[in-house]
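This report looks at a predicted model.

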Amino acid sequence: MRAAVFATSRYERDAKRLLTEVEIQTMEASLAADPEAHPVVPGTGGVRKARWSRQGQGKRGGVRVIYYYWVSDHEVYMLYVYAKNEQADMDAAGRKAALKFVEALKRGKENNRGKGRP
């Protein structure tokens, strides 16, 4: 079963800047098909980082996509994407922001379940 994919506005904006529509669709489909294939970034509450190549850009011309996989609901949340040549790795501020997103998502899910919503 494929995971449902949800995207932040930051992800959508940067993905459109960095990738073609076909590359975006292919990347999202790949992540939805196997969301646990990529490593968890330490200190983020479970956020993962995937490396993705761009057509005609070579090894160093790829992008990194940061996402969270909500296992029990089988949902992938695309947080942001960046070019490897623009940013080497997630910095402390990025990890902190990712952790805040995950914590807020968990609170929202718990509140909805407490109200009888899925």
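## Pro 35 in the loop

Pro 35 is found in the loop that runs between helix 2 and strand 2 (48–52). Its relative accessibility is 5%, and because residues under 20% are classed as buried, Pro 35 counts as buried.

Apart from neighbours within four places in sequence, the residues in contact with Pro 35 are Ala 3, Arg 48, Tyr 67, Tyr 69 and Val 76. Ala 92, by comparison, lies 57 residues from Pro 35 along the chain, and the C-alpha atoms of these two residues are separated by 23 Å.

## His 38 in the loop

The loop between helix 2 and strand 2 also holds His 38, and this residue, with a relative accessibility of 18%, likewise counts as buried, since the cut-off for that class is under 20%.

When neighbours within four places in sequence are left aside, His 38 is in contact with Leu 31, Arg 48, Lys 49, Ala 50, Arg 51 and Tyr 67.

## Packing of helix 1 against helix 2

Helix 1 (residues 9–18) packs on helix 2 (residues 21–33) with an angle of about 130 degrees between them and with the axes 9 Å apart. The two helices are therefore oblique to each other, and helix 1 passes helix 2 in a right-handed crossing.

On the side of helix 1, the residues that meet the partner are Tyr 11, Ala 15 and Lys 16, while helix 2 contributes Ile 24, Met 27 and Glu 28. By class, the residues of this contact comprise 4 nonpolar and 2 charged, with no polar ones.

## The two sides of helix 1

Which residues of helix 1 are buried? They are Tyr 11, Asp 14, Ala 15 and Leu 18, and because they cover an arc of only 105 degrees around the axis, they lie on the same side of helix 1. In general, an α-helix has 3.6 residues a turn, so residues three or four places apart point the same way.

The cover over the buried residues of helix 1 includes strand 1 (4–7), helix 2, strand 3 (63–70) and strand 4 (75–83). On the other side of helix 1, Ser 9, Arg 13 and Lys 16 are exposed. Lys 16, although exposed, is one of the residues through which helix 1 meets helix 2, whereas Tyr 11 and Ala 15, which also take part in that contact, are buried.

Methods: Residues are numbered from 1 along each chain as its sequence is written. This is a predicted model: local features need pLDDT of at least 70, side-chain atom pairs count only at pLDDT 80 or more; totals for chains, interfaces and linings use all residues. Side-chain values use heavy atoms; hydrogens and water are left out. Axes are lines fitted to C-alpha atoms, for helices over the stretch in contact, and angles run from 0 to 180 degrees between N-to-C directions. Helices (H or I, at least four residues) and strands (E, at least two) are DSSP runs, numbered from the N terminus. Angles under 35 degrees count as roughly parallel, over 145 as roughly antiparallel, 65 to 115 as roughly perpendicular and the rest as oblique. A crossing is left-handed if the near helix is turned anticlockwise from the far one by less than a right angle, and right-handed if clockwise. Contact means heavy atoms within 4.5 Å. Ala, Val, Leu, Ile, Met, Phe, Trp, Tyr, Cys and Pro count as nonpolar, Asp, Glu, Lys and Arg as charged, and the others, Gly among them, as polar. Buried means under 20% relative accessible area, exposed over 50%, partly exposed in between (1.4 Å probe, protein chains only). The arc is that of the directions from the helix axis to the C-beta atoms.
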